[in-house]
Every structure is written in structure tokens, then in C-alpha cells.
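Here is a brief structural report on one protein model. Please look through the sequence and the coordinates before reading on.

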Amino acid sequence: MLFQPIEVSFELGNGQTVTIETGKLARQADGSVVVRQGNCTILATAVANKEPKPGQEFFPLSVDYMEKFASAGRIPGSFFKRETKLNDYEVLTSRLVDRALRPLFPDDYFCEVQVIITLISSDMEVMPDALACLAASAALAVSDIPIKEVISEVRVARVENEFIINPTRTQLAKADMDFMIGATEKNLMMVEGESRECSEEDLVKALELAHEAIKVQIKAQQELRDKKGSIEKRAYPKPVQNEEIREKVSAFTKDKIYQIARAGSTKHERSEAFDQLKKELVASFGEEPAEEDVKLAGKYFDDLQWEIVRNMILDDRIRLDGRKLDEVRPLEMETNLLPTPHGSALFTRGETQSLTTVTLGTPLDELLIESAAKSDYSKFILHYNFPPFSTGEIKFLRAPGRREVGHGNLAMRSLKQMMPGNDYPYTVRVVSDILESNGSSSMATVCAGSLALMDAGVPIPKHVSGVAMGLITRGSDNKHAILTDILGDEDHLGDMDFKVTGTREGICGVQMDIKVDGLSMDTMREALEQARKGRLHILDAMYACVSAAREEVKPHAPRMEKLFIDKEFIGAVIGPQGKVIQEIQRETGTTINIEEVGSVGEVSIFSPAKEGLEKAVSWIKGIVAVPSVGELYEATVKGIKEFGAFVEFLPGKQGLLHISEISWKRLETMEGVLKEGDMVKVKLIGIDHKTGKFKLSRKALMPKPDFAPRPPRPTKEGEQGPSESGASNN
């Protein structure tokens with residue numbers, strides 16, 4: 001054997017065994033592992049450049065999770081029949097891993113690192129995203145890439161009041177809490193998920209259980225690394241330092257930075273003041289300062305600004321815009337401001353603003369969500385857009401990036417908790433366009449989305465709001481400050497930023513990134529309680545704007561009616577090659593969707609006009625109606641014969657209106673009596689069950705005359721006929 005793989009195994013709380021193996025696949029990568037649970041097999045590789053790019057001033061980490069359709073024995077459904085760009089599910093999984101891995105690298109490490117995680121064998125019950133971070137961290141652990149510590153990630157779900165680590169797909173479908181948690185052996189690093197109005201204490205309990213499971217996975221990675229042998233982490237070039245320039249920057253700008261920071265100015269005023277101070281700092285270096293000195297001065301300026309603002313908040317309890325630590329910025333909101341969309345809302349919180357619209361569609365508008373293991377359709381879609389003008393910048397307009405996908409997903413998962421069930425006929429699309437941004441536009445999307453859904457008449461029972469929180473800590477004196485409704489600058493300088501959404505009754509969504517070591521659960525509880533108060537404050541304003549969903553959709557929104565028909569009539573409504581249903585839709589201007597549900601056919605009819613809806617409903621009812629003797633029908637003459645007329649009295653059903661049943665008066669011919677296209681009211685008087693023919697009558701609906709004259713009897717030769725007066729001679 002050319003190589004001898006090394007592996008370790010551990011047990012999950014659900015009785016499943018997970019195996020981590022290295023040394024067999026992808027051996028030219030700096031680190032590679034294969035993680036298996038059941039039939040689910042994930043290959044993770046990590047490669048890092050030996051040197052940073054010239055002038056590199058940030059850490060370039062890329063994490064890509066991808067699923068091979070062959071892993072599930074499937075061929076991609078795209079035109080090219082191959083995997084192309086990452087879908088949203090893969091992007092979201094990549095983001096989860098990226099957020100957990102990024103803090104593991106040294107602050108002064110600027111070499112490019114690429115982590116690729118590939119699903120190469122799928123298991124219908126094993127959720128691969130719960131194993132992706134374990135695989136990525138293990139690949140780094142067995143490499144010589146310099147990381148500070150090992151990490152892992154698990155999913156924790158609550159199913160029937162029981163918490164389960166890495167539940168199966170079947171179990172997850174019944175869960176009312178679903179959270180992904182990333183952590184080192186000592187500290188939580190990342191949390192993201194959704195719940196159906198769980199309490200803050202329920203969330204803390206889930207975090208504690210997840211952390212215990214993560215410690216088992218970290219121990220397994222350490223064991224794998226030890227089995228491989230001594231791995232010396234590579235040395236890397238450190239950024240150039242110059243203490244003389246650092247001291248000069250501090251002396252020139254320290255007091256001025258503090259004055260700008262505590263002025264309580266707006267985002268642009270503050271940004272302009274700091275930019276001007278930077279220019280003055282560079283000018284103090286002389287007429288032609290060295291380029292390297294200018295770069296270092298800019299870096300030291302940013303570091304000093306970060307430190308001063310943090311200390312100002314901790315010591316003076318003053319924030320950049322002058323607010324109290326637990327104060328939400330001014331709120332403004334408005335609904336129904338756009339005439340054509342089916343629902344609209346404008347939500348403004350300080351310098352962050354979302355214009356959100358709701359569109360009601362048909363089942364044909366459902367979104368196909370495809371992964372290697374399964375394909376499913378979603379009736380609730382939320383898209384988030386972040387144009388460059390929202391921050392006063394100029395950038396190329398491109399397809400939504402990972403940030404937009406992640407922010408939109410958080411808002412979607414939060415609002416989804418209040419959406420009506422699968423019996424709700426409409427497909428609902430929410431679109432949030434961020435018009436201004438200075439802190440937590442994703443939370444503005446949640447609030448604006450909730451308002452717009454109620455404006456559209458979507459029957460959500462409660463409002464959902466969201467608030468972004470921050471945490472600043474100082475280890476030297478164990479001081480901390482929890483910030484409600486953080487600004488963009490506060491997000492950058494904080495030790496933890498977390499977003500919490502929910503109703504008055506509980507939490508619906510969480511996204512949390514923790515950058516500080518040793519965060520206690522007591523501090524976590526304090527932060528969650530302050531977030532709850534901020535969320536309730538915003539909810540009060542939202543209910544004051546719109547207290548409940550509209551009872552009906554707007555007049556220009558599509559109307560809907562649902563019919564349930566016998567399964568045997570589905571084919572009749574559709575018609576050969578879909579001709580009947582296409583004709584109905586064309587003639588009535590409706591959209592019709594038919595699904596087989598159990599023993600019945602569910603027919604959903606959508607129309608922008610009431611008249612078209614009524615016509616389509618009547619048409620379909622006619623197709624599925626069972627003719628009954630004695631019933632009256634409006635019939636259309638389809639053909640004329642010498643013995644009567646053939647009429648269509650129900651869609652697709654014709655019968656004979658015999659010449660003797662047209663009138664009480666005897667008719668010798670059909671000429672001039674009826675013509676094709678005439679409408680005539682008839683009564684069904686008989687059904688020949690052997691032949692299936694229908695007998696119809698028009699005269700049965702006419703009053704019977706008191707005297708029905710008979711034709712005159714012919715007279716014999718020499719016999720006197722009746723007198724002109726009509727009297728007979730005696």
C-alpha cells in the first residue's frame with residue numbers, strides 16, 4: 001500500500017459514529033481530511049501561500065463549501081448538466097464556516113488561505129452542513145498553517161422538548177429550535193439559527209449543550225494531529241513595525257480623536273473629521289514623506305482610534321452618536337406608500353433605512369431549492385439588496401454577494417416563523433432595498449418586512465422585529481459595555497456583535513459573532529435581556545404603525561379561490577395535452593394550479609380581476625359537475641339537425657334537444673327556430689345510462705297552454721266542413 005491513512009472516531013450524542021481520516025486523499029494540499037458519518041462523506045482541504053502579496057494589509061481567507069450531485073447519484077438539472085456557481089445553501093454553509101475559522105489566525109498573518117469543503121457522498125438523513133466546519137478545522141489542524149487553536153461546529157435542535165445534537169433530516173423537520181454553534185474548547189465563537197419564539201434561557205441552554213458536544217470533536221481533532229506526528233507550524237513574515245512613528249501618531253492625534261469621537265456627530269460628519277485629521281497627520285511628516293511611513297501612520301491611527309473609542313464607551317459610557325448604551329435610535333415607519341406593489345413599507349432607524357415590498361404570486365412562482373440530497377420548493381422568498389449609494393459610495397452593480405445572501409437569509413428565517421402554513425395559497429416574495437446604512441440593515445429588513453407583509457394582507461399573527469447588539473470588554477479591569485442598536489463603527493470595534501429577532505413572546509432568529517475570550521454565560525444572559533428590551537421597544541412602534549394584517553388583499557392583488565374536486569375529474573379539467581386548462585386560462589385571464597392531495601384534486605385559481613375568477617370557477621365547476629335529472633342549465637347550441645338541436649349544457653357535455661321538446665307548438669322543421677351559438681335554457685329530463693346520452697327539454701320550462709289546438713281533420717267529398725265561425729253544423 002502506497003500510503004497508510006490515519007483516522008480517529010468519536011460518538012455523537014445521537015448514537016452516530018463520526019470518523020476523521022487523513023493521509024489518503026488530496027495529499028498535496030497543506031492539510032486534508034475526510035469526515036464520515038453514515039454514508040455522508042466530506043473532503044476538506046486547506047492551502048496557504050508561504051508569503052503575503054506585496055503591500056497586503058488584511059487577511060485574505062476564502063472558504064467554499066460545495067456539493068457534488070454525484071454524491072447523491074444525481075445529475076444537475078441545469079442546462080449544462082454540471083455544477084456551476086455556488087447556490088445559496090452552499091454560500092450560507094460557506095459563511096458559517098468562514099465566520100468560525102477567521103478568528104483562529106494570528107492578527108499579523110496576511111498570507112492567503114483557501115479552504116475548500118466538498119460533499120463527495122451524501123446520506124439522506126445526515127445534514128452535511130453540521131460536519132463542514134469540523135472537516136475544515138481538522139484540515140487546518142493536520143497542516144503546518146499557523147492557527148492559534150482548533151475549533152468545531154454543531155447543530156443543536158429541540159424536538160418535542162428534547163435537545164438533539166446534529167439531528168437527522170427527519171428530526172429537524174419537526175424541530176422548533178434550530179441553531180448552528182461554533183466554538184473553541186474554551187469559548188463560543190459563532191451562533192446562527194431560528195426558533196419558534198423560544199425564550200432567552202432556552203437559547204442559553206442550547207449554547208451550553210452545543211459547547212459540550214464541540215469539546216468532544218476538538219479532542220478528536222487533537223488526537224488525529226497527535227497520531228500524524230509532530231507538526232511544526234510554519235513561520236511567516238511579520239508586518240514591519242516602527243515604534244517612533246507609532247509614538248508620533250499617538251502624540252499628534254490622541255486627544256483630537258477623543259474629541260471627534262465624543263462629539264455625538266453623524267456618520268458622515270465623523271468620517272470627514274477623521275479623514276481631515278489623517279491628512280493633517282500625514283502633513284506633519286514633511287513635504288515628501290516616505291510611502292512606507294504613511295502606510296504605517298495610517299495603520300497606527302486606525303489602531304489608536306479603535307482603542308480610544310472603546311475606552312470612551314467603557315469609561316465615560318458615551319457612544320459615538322451621543323446615545324445611552326441601551327437606547328435605540330429614532331424610529332420612523334410608513335406602510336402602503338407605493339401604489340402598485342401588493343404591500344410596501346418604509347422603515348427608518350437613525351441612518352439605516354429599508355424600503356421593502358411584498359408581491360403575491362401563484363404556486364407556479366414557488367422557488368426551487370436544490371441541493372445534492374434533495375430538491376424542494378419554497379412558497380416564501382426574501383431577497384435583500386445593498387446598493388452602493390446606501391453608504392454614499394460608488395461601486396459596480398453586480399449579482400448579490402455572500403453578504404447579501406447571508407443578511408437576507410437571517411431576515412427570511414425570522415419572518416418565516418410567523419408565516420401561514422402550506423395551505424396558504426399564495427407564493428410570497430419580500431424584497432428589501434437598503435436605501436441608507438449605518439448599522440444593521442438586516443434588522444431593518446426584518447422590521448420593514450413584517451410591516452409590508454401586514455400591509456399586503458398576508459395573515460401573519462404577530463409582528464417580528466430585530467435589533468443589533470454590541471459588546472465591548474476590557475480584561476484588565478473586567479469592565480464591559482453592552483450596546484443596543486449598534487452603529488457600523490461600533491460593529492467594527494466591538495468584541496461581540498449579535499442580532500436577535502423575535503416577537504413579544506420570544507426569539508425567532510439569532511446571528512452572533514463573538515471575538516472575545518472567556519465570555520461568561522452571565523454576560524450572555526445580560527446581553528440577551530438588553531436585546532429583548534430593545535426588540536420590545538421597536539415592536540411597540542411597529543404596532544402603533546400597523547396593528548394587524550389587512551383582512552383582504554389589495555384590490556389590484558391577485559384574487560384566489562380554491563376548489564376540491566374528485567380525483568377522477570383532474571384529467572377532464574386538464575384535457576388532452578393540457579388543452580382544456582390552457583383554454584380556460586386564456587379565455588379568463590387566470591392562472592390555475594392543480595395538485596393531487598390524497599383522494600381529491602386541489603384546484604387553485606388566481607386572477608387579477610374578479611370577473612375572470614368567477615368565470616373560471618364556473619367553467620371548472622361545470623366540467624366536474626355530475627348531470628342530474630330535473631336540473632336546469634344554460635345551454636349553447638352546437639349543431640342543428642332536422643330532428644332537433646345538439647346543445648352543450650355543461651362544459652364537455654352535450655345532449656339532444658329534440659324538435660318535439662323545443663316548444664308546446666308542433667314544429668314541422670328546425671328552420672328559423674334555433675341557430676348555432678344561441679343560448680337556451682333547458683331542463684335535463686332523462687339519461688340513457690347504457691349509451692350515456694342526455695335528453696333535454698325546453699318546453700318543460702314553458703307554461704303549458706290551456707288548449708292545445710289540433711290540426712283540422714280533412715273532409716270527404718260532399719261533406720261540409722266547419723263554418724267560418726268555427727261552429728259545426730248539426
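The report below covers strands, helix packing and a few single residues.

## Basis of the model

This is a predicted model, in which local features need pLDDT of at least 70 and side-chain atom pairs count only at pLDDT 80 or more, while totals for chains, interfaces and linings use all residues. Residues are numbered from 1 along each chain as its sequence is written, and side-chain values use heavy atoms, with hydrogens and water left out.

Helices (H or I, at least four residues) and strands (E, at least two) are DSSP runs, numbered from the N terminus. Two strands pair if DSSP finds at least two bridges between them.

## The five-stranded sheet

Five strands form an open sheet in the order β11-β12-β13-β17-β16. The pairing is mixed. β11 (331-335) and β16 (380-385) are the edge strands, each pairing on one side only. Neighbouring strands are turned by 15 degrees against each other on average, direction ignored. Axes here are lines fitted to C-alpha atoms, for helices over the stretch in contact, and angles run from 0 to 180 degrees between N-to-C directions.

Within this sheet, β12 (residues 343-349) and β13 (residues 352-361) run antiparallel and are joined by seven bridges. Ser-344 faces Thr-357 of β13 as its opposite residue. Helix α9 (residues 441-456) packs on the sheet. α9 touches β11, β12, β13, β16 and β17 (427-436). Contact means heavy atoms within 4.5 Å. The direction of α9 makes about 145 degrees with that of β12.

## Helix α8 against α9

α9 also meets helix α8 (residues 402-416): their axes come within 9 Å and cross at roughly 45 degrees. That makes α8 oblique to α9. Angles under 35 degrees count as roughly parallel, over 145 as roughly antiparallel, 65 to 115 as roughly perpendicular and the rest as oblique. The crossing of α8 past α9 is right-handed; that is, the near helix is turned clockwise from the far one by less than a right angle.

From α8, the contact uses Arg-403, His-407, Leu-410, Ala-411, Ser-414 and Leu-415. From α9, the residues include Met-443, Val-446, Gly-449 and Leu-453. By class, the contact has six nonpolar, seven polar and one charged residue. Ala, Val, Leu, Ile, Met, Phe, Trp, Tyr, Cys and Pro count as nonpolar, Asp, Glu, Lys and Arg as charged, and the others, Gly among them, as polar.

## Helix α5 against α7

Helix α5 (residues 243-261) and helix α7 (residues 291-316) have axes that come within 9 Å and cross at roughly 45 degrees. α5 and α7 are therefore oblique to each other. α5 passes α7 in a right-handed crossing.

Among the α5 residues in the contact are Ile-245, Val-249, Ile-257 and Tyr-258. Those of α7 include Leu-296, Tyr-300, Phe-301, Leu-304 and Met-312. The contact of α5 with α7 divides into 13 nonpolar, three polar and four charged residues.

## Two hairpins

β14 (residues 367-370) and β15 (residues 375-378) pair in the antiparallel sense over four bridges. Leu-367 stands opposite Ser-378 of β15. The hairpin from β14 to β15 runs through four residues.

β7 and β8 also run antiparallel, joined by four bridges. Val-159 is opposite Glu-162 of β8. Two residues lie between the strands of this hairpin, and Glu-160 takes a positive phi near 50 degrees. Asn-161 lies in the loop between β7 (152-159) and β8 (162-165). Asn-161 is not a glycine, yet has a positive phi of about 65 degrees. At 71% relative accessibility, Asn-161 counts as exposed.

Most residues other than glycine have a negative phi. Gln-577 has a positive phi, near 55 degrees. Gln-577 sits in the loop between α12 (570-574) and α13 (579-588). With a relative accessible area of 73%, Gln-577 is exposed.

Thr-45 belongs to strand β4 (residues 40-48). Thr-45 counts as buried, at 14% relative accessibility. Buried means under 20% relative accessible area, exposed over 50% and partly exposed in between (1.4 Å probe, protein chains only). Leaving aside neighbours within four places in sequence, Thr-45 contacts Ala-26, Ala-29, Gly-31, Ser-32, Gln-114, Val-115, Ile-116 and Ala-139. Thr-45 and Ser-137 are 92 residues apart in sequence, and their C-alpha atoms are 9.6 Å apart in space.
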